[in-house]
Amino acid sequence: MPSDLDARLLAAHAAGDRPALIALYLEASEASEPGIACRFYLTHAYIYALEAGSDEAPALRAALVAMGAETPE
Amino acid sequence: MPKDQRRNILDAVSAPIELARGLPNAHYTDPDTIAEESEAVLSRAWAALAVAADVPEPGDCKPLEFLGQPVLMLRDKDDTVRVFQNICRHRGMILVDAPRKIEGAIRCPYHSWCYARDGRLVSTPHVGGPGQNSHPDLDRATLGLIEIRSHIWRDVVFVNLSGDAPPFQETHADILNRWKEMEQPLHHGGSDSQFMLQVDTNWKLAVENYCESYHLPWVHPGLNSYSRLEDHYHIENPGNYSGQGTHVYRQLTGDDGQVFPDFEGLGDFWDEGAEYIALYPNVLLGVQRDHAFAIVLEPVAHNRTREHVHLYYAQPDIDPVLRRKNAAQWKEVFAEDVFVVEGMQKGRAAPGFDGGRFSPAMDGPTHLFHAWVAEKVAALRAEKDAL
């Protein structure tokens, strides 16, 4: 993960900024090679989107399902 | 104490009022006796927890504690209010620690398992290892939030912790029938129509005092100026509720003579009639032609109770000045009772007090409550002795 992304993530956590957490974990996922790290960050983006009731949550879940990281509904 | 002696004491409480004694001191002072009693009369009954107005909008939730148990009251997106055990099914972590709005899902702050607002477990991040959010041995469908049986009536949220009480409508069919004219929309008066009194007393003493009109001329002389003792009558329904009614209810009026709007379609009785009952175990209700109230008694400790008072009206938009005046008036009345219920609690430390003798003429509603508690405790003991 790029160091500035790490810093932005920590700042978003410290601020409890859920929209930022969703965006930054998605960015971290997209910056990772396909595999565990990619699924890990995408999972975090999805969880914060789910908690927030964000419109992004269904698409994030579908992406996890496509990666085999989540069960279909 | 030998089992036969314990029974005799409770038999004396359940005896006809002319002969009866009140509940022994231990029911107000002894943690073991109170724990047993709480199982009999609170856990196994439909106990009042809160009011639905505490979670007014979809997604609103409020963590509460009842009999030491962490519970969560939650209004889902379809406007259904449910009560859950406030714990994650994973490690038993408290899920919600302060009232708030759940926008999408309840996320456990520990490992982020997520629950929908209807209690379903919807996500278990990394449960199958990093980046793997399911595991074949973990069936989410069986791991939703644990729901506590609940029922809402007159905006009061009742819970049956034991889960095996008869349905609320069956248990309280008599009062539902008695007040069927009052079965119409209630509008909570909002933040200025609720208050809490923290009282150093056992919750039962608040019930016992509320039930009877005997104390009114002495403790509430202001009420007595227009609502005399002889204008009141007993309301007695053994095993379910008791209280008092009056034939001289007088509407509150504003400076310009304005009054609250009436509930619709009431019979002539309610022109000047009003009724005040304790619905067993722990909610005190009042109904009048133009407003109502509910007092949820929260048992905090054997000698500490929070009285949560909520006022309701027939219409949503009520004159705020008159509404605040009404809340202030009721607060003054209920505060007048505090020294009495605290004084009786202190009196329970006197070893010579034997539960007390009742006035056969005036204490009937209070005695009914004592008898109900005694019968419930005796039944629980008999059930356990038979095991």
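**Close-up views of chains A and B**

**View 1. The contact between chain A and chain B.** In this predicted model, the contact takes 15 residues from chain A and 15 residues from chain B, two residues being in contact if their C-beta atoms, placed from the backbone, lie within 7 Å. On the side of chain A that touches chain B, helix H3 (36-52) and helix H4 (57-66) each supply at least two residues, and the largest share, eight residues, comes from H3(A); helices (H or I, at least four residues) are DSSP runs, numbered from the N terminus. The residues of this side of chain A divide into eight nonpolar, four polar and three charged, where Ala, Val, Leu, Ile, Met, Phe, Trp, Tyr, Cys and Pro count as nonpolar, Asp, Glu, Lys and Arg as charged, and the others, Gly among them, as polar.

**View 2. The surroundings of B:Glu336.** B:Glu336 lies in helix H10 (residues 320-336) of chain B and touches B:Val219 and B:His220, not counting residues up to four places away in sequence. Although B:Glu336 and B:Ala386 are 50 residues apart in sequence, their C-alpha atoms are 45 Å apart in space.

**View 3. The domains of chain B.** The assignment, automatic or from a database, gives domain 1 (57-148) and domain 2 (166-371) in chain B, and the C-alpha centres of these two domains lie 36 Å apart.

**Notes.** Residues are numbered from 1 along each chain as its sequence is written, and chains are lettered from A and ligands numbered from 1 in the order in which they are written. Local features need pLDDT of at least 70 and side-chain atom pairs count only at pLDDT 80 or more, whereas totals for chains, interfaces and linings use all residues.
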